[in-house]
Amino acid sequence: MAIHKIDVERLLELRNELPVLDVRSPGEYKHAHIPGAVSLPLFTDEERKVIGTCYKQESREKAIKIGLNYFGPNMVAMVEQAEAISSQYGDTKNLLVHCWRGGMRSSAVAWLLNLYGFEIYLLEGGYKRFRNWVIQQYEKPYRLNVLGGYTGSGKTYVLQQMDRAGKAVLDLESLACHKGSAFGAINMPAQPSQEMFENLLSVELQKLEQHAGEDGIWVEDESQRIGSVNIPMSFWTQLRISPIYFLDIPFEERLKHIVSGYGSGQKEQLVNAIIRIQKRLGGLETKTAIGFLLEDNFIESFRVLLSYYDKQYNKGLHNRENLESLVDKIAFSTVDPVAIAQHLMQLQTRSTSMELQHGSSS
């Protein structure tokens, strides 16, 4: 058994087969971590604080001694935790380990687990190196197909159909745990931190890029801000210059679709969501929308809101350079995710074929 040093790319290859042990403190892990990593903290948050203060104010040697005092009594528990984690991966004797910078914390845990009999893969540079890798992913060029359309066009459901058909689909709202509007948090789990969202997005982009091929990656047209998180600027800039497949669906059809989706929501949550946008919606429209909602008239309430969101989306859509060359409007009479997905995939197949033919003839 040995300890092997690996880079970020190798860790991401192995993480689907082997457990990734994050030995940073619980607070560090909770804030953000490598997707799929399991927390196995060497020190508690308080212990880490004590050691760090000693390191800065007294000496490295004294800080190490304090750390060893904490580490010693917990050795058996750490080994048993590692065994429990490895049992979920078929009792593997191979573990991936990292700390913040690939320093003493991960080295200590790697030594202990290797001594016990585990084969250890240690991430060089630790989580900090991973974060550098994350930022680099947003600088890479991607072939993106942006699915646009006013609110209620069923864009999320269309992309789900395309995903089932084997297309590379980036679901930003799922990664952000938010549907992107004032109502986006309803029936959704808590949002990740900004850093964690970036981690999730970068790993997903790497996976999709390998799968996409000539077809590229399909993604919904979004504002830069999704709830409390932001799409990294360099990637969002690419979204803004990518071709848009705009679903042109009648207002009344979209209204029915919206009501079917949000009509089952708790009335209090819906009212609170309307209040959050009252400054932009306007006093009269806010009062009208809430009044209809309290009367259980969801259709008329959402009619007011949908008109507002149409204006907002239209503003964002037209705030692009070379818009006419980017947008391909596709008219549908109803919100039919299956039919729309099939049509879009046929369009893309023809477009890709024409590009390949043009490339081979030039």
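How accessible is arginine 303, as a relative accessible area? Arginine 303 has a relative accessible area of 25% and is partly exposed; the cut-offs are buried under 20%, exposed over 50% and partly exposed in between, with a 1.4 Å probe and protein chains only.

The model is predicted: local features need pLDDT of at least 70, side-chain atom pairs count only at pLDDT 80 or more, and totals for chains, interfaces and linings use all residues. Residues are numbered from 1 along each chain as its sequence is written, and side-chain values use heavy atoms, without hydrogens and water.

**View 1. The whole protein.** The protein has 18 helices and twelve strands. Both are DSSP runs numbered from the N terminus: helices are H or I with at least four residues, strands are E with at least two. The C-alpha atoms fill a box of roughly 70 × 60 × 40 Å along the principal axes. Of the 362 residues, 46% count as buried.

**View 2. The salt bridge between glutamate 252 and arginine 303.** The closest N and O atoms of this pair are 2.5 Å apart. A salt bridge puts a side-chain nitrogen of Lys or Arg within 4 Å of a carboxyl oxygen of Asp or Glu. The pair links distant parts of the chain, 51 residues apart: glutamate 252 sits in helix α12 (residues 251-262) and arginine 303 in helix α16 (residues 298-318). Glutamate 252 is partly exposed, at 43% relative accessibility. The count for the protein is 16 salt bridges.

**View 3. A pair within helix α10.** Lysine 207 and glutamate 204 form a salt bridge, with closest N and O atoms 3.4 Å apart. They are three residues apart in helix α10 (residues 194-212), so about one helical turn separates them. Lysine 207 is partly exposed, with a relative accessible area of 48%.

**View 4. A buried pair and a network.** Aspartate 22 and arginine 24 form a salt bridge, their closest N and O atoms 2.8 Å apart. Both residues are buried. Elsewhere, salt bridges link Glu28, Arg48 and Arg105 in a network.

**View 5. Glutamate 220 in strand β8.** Strand β8 spans residues 217-220 and holds glutamate 220. Glutamate 220 is buried yet has no salt bridge; lysine 155, the nearest side chain of opposite charge, is 4.0 Å away. The side chains of glutamate 220 and threonine 156 make a polar contact of 3.1 Å. Such a contact is a pair of N or O atoms within 3.5 Å; within protein, one must be able to donate a hydrogen and the other to accept it, and residues adjacent in sequence count only if both atoms are side-chain atoms.

Key. Lys and Arg count as positive and Asp and Glu as negative; His and the chain ends are not counted.
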